[in-house]
Amino acid sequence: MEDNTRPSSYLDEPPNSRLFLVASKSITEDNIRDHFSTFGEIQDIWVVKDKHTKESKGVAFVKFSKSSQACTAMEEMHGKCLVEGTKPIKVFIAQSRSSGSHRDVEDEELTRIFVMIPKTFSEEDLKETFKEYGNIEYCIIIKNKLTGESKGLGYVRFQRPSEAAIAIENCDKTFRAILAEPRTKNSTTENDYFGNSRADHEAGMSGYPFSDNSNYTSGEPWSSSEMITRCLMMTSRAVLTQEQVHGLFDLIPGLEYCKIQLDQHGFVKGQAMIRYTNLGSAVYAKEKLNGFEYPPGNRLAVAFIDDGEDRTSPVGKMAMQLVVAQMMSMVWNGPSGSQLLKSSTVYAPLATPQKHRLQTDVSLPSVKKMAPSDSVAKERLFVIFNPSPLPVDVLEDVFCRFGSLIEVFLVPGRNVGYVKYADRKHANEAMAAMHGKVVNGVKMRVMLADPPKEESHKRQRTY
C-alpha cells in the first residue's frame with residue numbers, strides 16, 4: 001500500500017522506477033508482490049479501488065527502488081498470468097507525476113541515453129565503453145558543424161530499456177549519463193543541468209530513428225519541423241549485403257560512411273547507417289531511395305537520424321532550407337531511383353531463397369500446422385510494428401509455432417496487424433514470447449486485442 005507519510009516526489013525518484021499494471025480485478029496486492037519482488041526492492045504497491053464499493057478497478061502501481069528493476073520487471077512480466085484462470089497482465093513504465101501527461105512511457109523512450117565523453121572518443125570508443133551494459137543499436141557523437149571536432153557529447157541507443165537503465169546506474173559518474181528526451185518533450189530542466197549545448201541537439205533527435213515520411217514523393221510540402229541531417233538509417237525486410245548497400249548509396253556522390261548493423265549474434269538486422277559529407281547528398285539520397293524496391297518486391301525505408309550537428313540557429317536553418325530547396329529541384333527533375341540503378345553496375349538481383357530466414361534472438365518453438373481457416377477465434381492479438389510491418393508469410397512462420405494459428409491480418413496503410421488463434425493458451429504464449437522482440441530488424445509490440453463487438457461474431461472473417 002502506498003505510504004502517505006512520504007512526499008509524492010519520491011514516486012519519481014529515480015525516474016521510471018514505477019510500473020503501471022492492467023490486470024484482472026481479482027488480483028491482490030499479495031499476488032503482485034509475490035511475482036514482482038524477484039526483480040528487486042519494492043517500495044510500494046497501490047491497487048486502485050473504487051471509492052464507494054472498495055473493489056479493485058483492475059489497475060495497480062508498483063514502485064521499485066531502481067529504474068533497472070522496474071524495466072526488467074516490465075520486460076519479463078508483460079503478458080504473464082499472475083493467477084491461473086485470469087487474463088495476462090499488461091505492464092508499462094508509469095509516466096512521472098510532474099509530466100502532466102496521462103500517457104504511459106513507450107519502450108522506445110527508455111532505450112537512448114545522453115552522455116558527456118572525452119573529446120578524443122570515437123563512436124567505436126563509445127560503443128566499447130558501454131557494450132558491457134547490454135546490446136547497443138548505435139552510438140552517435142555530437143560534433144561541431146564547422147570544425148568537425150567532437151563537442152564531448154554523445155548518444156547511446158540500447159535494445160532494451162533495462163539495459164539503458166543499468167548503464168545509467170552503473171557507468172562512471174563522469175559520463176553524467178541520463179535518458180535522452182524525445183524530440184517533442186520540453187527539456188528545460190535538463191538544460192539547466194547540461195547547459196544549452198544539449199538542448200540544441202536534443203531537439204533534433206527523435207525517440208526512434210525510423211520514419212515512414214515520404215512527403216515529396218506524394219507531392220506534399222516539406223515539413224519545417226522534420227529533422228534533416230547528413231545521416232540516414234536504411235531499413236530493409238530482405239537481407240542485403242554490405243556491398244549491395246554501399247553500392248546503392250554510393251550512386252549519390254559524397255558517401256562518407258556506410259555500415260550494415262548486426263545484432264549480438266552477428267546476424268544482419270535489416271538496417272544500415274549511412275552518412276554523407278554534405279547535407280545535399282543526404283537529402284537527395286533519402287528522397288530517391290526511400291520507398292525504392294531493391295531487390296524488386298522489397299521496399300526500402302530511408303529516414304534521417306541525428307548527425308550531431310547544430311542547425312538550430314537562424315543562419316543554420318536558412319542554410320538548410322536553401323540546400324533542401326536546391327536538392328528538391330534536382331529530385332523532381334532528376335532520374336528516378338530505378339533509372340539511377342539502370343545506369344550503374346551496382347544492381348545485381350538477389351538470389352531468391354527458397355524459404356525466408358528468420359533473424360531473431362527469440363528461442364522459437366518448431367513450426368506447427370495452422371488451424372483450419374474456418375476455426376472459431378478464441379483470442380486475437382494486436383501487433384504494432386516499428387519501423388514497418390513484416391510480410392505476412394514471415395509473421396505466419398513466427399506465430400504458427402505456438403500452435404492453433406488461424407490467420408495473420410495486416411491493416412492496409414498502417415504499421416499494425418492482428419493475429420487470430422483458435423486456442424487462448426497459445427495466443428497468451430505467443431504474446432509473452434514475442435512482445436518487445438525484434439524479428440528481421442522489425443520490433444513488435446504484441447498485446448491482447450479488444451474483443452470485437454457482438455454483431456461482428458455473426459460476420460464471417462471480419463475485424
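**Entry 1: strand S12**

I started with strand S12, residues 301-305, in this predicted model. I counted 5 of its 5 residues as buried, so S12 is largely enclosed by the rest of the structure. I then asked which residues of S12 lie on each side. Ala301, Ala303 and Ile305 are on one side. Val302 and Phe304 are on the other. Both faces are covered.

Next I looked up a pairing partner. Strand S9, residues 231-235, pairs with S12 in the antiparallel sense. I noted 5 bridges between S9 and S12. Met233 stands opposite Ala303 in S12.

**Entry 2: Tyr257**

I moved to Tyr257, which is found in strand S10, residues 255-262. Buried or partly exposed? Tyr257 counts as partly exposed, because its relative accessibility is 29%. I checked its contacts, leaving aside neighbours within four places in sequence. Tyr257 is in contact with Met273, Ile274 and Arg275. I also took a C-alpha distance to Cys231, which sits 26 residues away along the chain. The two C-alpha atoms are separated by 9.0 Å.

**Entry 3: the whole chain**

I stepped back for totals. The chain has 12 helices and 17 strands. Of its 463 residues, 50% count as buried. I also looked at contacts between residues at least 6 apart in sequence. Of these, 69% join residues at least 24 apart.

**Entry 4: sheet S2-S3-S1-S4**

I traced an open sheet of 4 strands. Its order is S2-S3-S1-S4, and the pairing is antiparallel. Which strands are at the edges? They are S2, residues 42-49, and S4, and each pairs on one side only. The twist averages 20° from one strand to the next.

I followed the pairing of S2 with S3, which is antiparallel over 6 bridges. Trp46 stands opposite Phe61 in S3.

I then looked for helices on these strands. H1 lies across S1, S2, S3 and S4. Its direction is at about 145° to S2. H2 lies across S1, S3 and S4, and runs at about 155° to S4.

**Entry 5: Ser56**

I picked Ser56 in strand S3, residues 56-64. Ser56 is buried, because its relative accessible area is 14%. What does its side chain reach? I found the backbone nitrogen of Gly58 at 3.0 Å. Not counting residues up to four places away in sequence, Ser56 touches Lys25, Val47, Val48 and Lys49.

**Entry 6: helix H2**

I returned to H2 and asked how many of its residues are buried. I got 8 of the 11, so H2 is largely enclosed by the rest of the structure. The buried residues are Ser67, Ser68, Gln69, Ala70, Cys71, Ala73, Met74 and Met77. They pack against strand S1 (18-22), helix H1 (29-36), S3, strand S4 (90-93) and H4.

I looked at what follows the helix. H2 is followed by Gly79, and the phi of Gly79 is positive, near 90°.

**Entry 7: H2 against H4**

I described this pair by two values, because two packed helices are described by the angle between their axes and the distance between the axes. The axes of H2, residues 67-77, and H4, residues 161-170, come within 8 Å. They cross at roughly 170°. That makes H2 roughly antiparallel to H4.

Which residues make the contact? From H2 I listed Ser67, Ser68, Cys71, Thr72, Met74 and Glu75. From H4 I listed Pro161, Ser162, Ala165, Ile166 and Glu169. The contact residues divide into 5 nonpolar, 4 polar and 2 charged.

I looked up how S5, residues 112-116, joins S7, residues 150-158. The two run antiparallel, and 5 bridges join them. Phe114 stands opposite Tyr155 in S7.

Methods:
Residues are numbered from 1 along each chain as its sequence is written. This is a predicted model: local features need pLDDT of at least 70, side-chain atom pairs count only at pLDDT 80 or more; totals for chains, interfaces and linings use all residues. Side-chain values use heavy atoms; hydrogens and water are left out. Axes are lines fitted to C-alpha atoms, for helices over the stretch in contact, and angles run from 0 to 180 degrees between N-to-C directions. Angles under 35 degrees count as roughly parallel, over 145 as roughly antiparallel, 65 to 115 as roughly perpendicular and the rest as oblique. Contact means heavy atoms within 4.5 Å. Ala, Val, Leu, Ile, Met, Phe, Trp, Tyr, Cys and Pro count as nonpolar, Asp, Glu, Lys and Arg as charged, and the others, Gly among them, as polar. Buried means under 20% relative accessible area, exposed over 50%, partly exposed in between (1.4 Å probe, protein chains only). A polar contact is a pair of N or O atoms within 3.5 Å; within protein, one must be able to donate a hydrogen and the other to accept it, and residues adjacent in sequence count only if both atoms are side-chain atoms. Two strands pair if DSSP finds at least two bridges between them.
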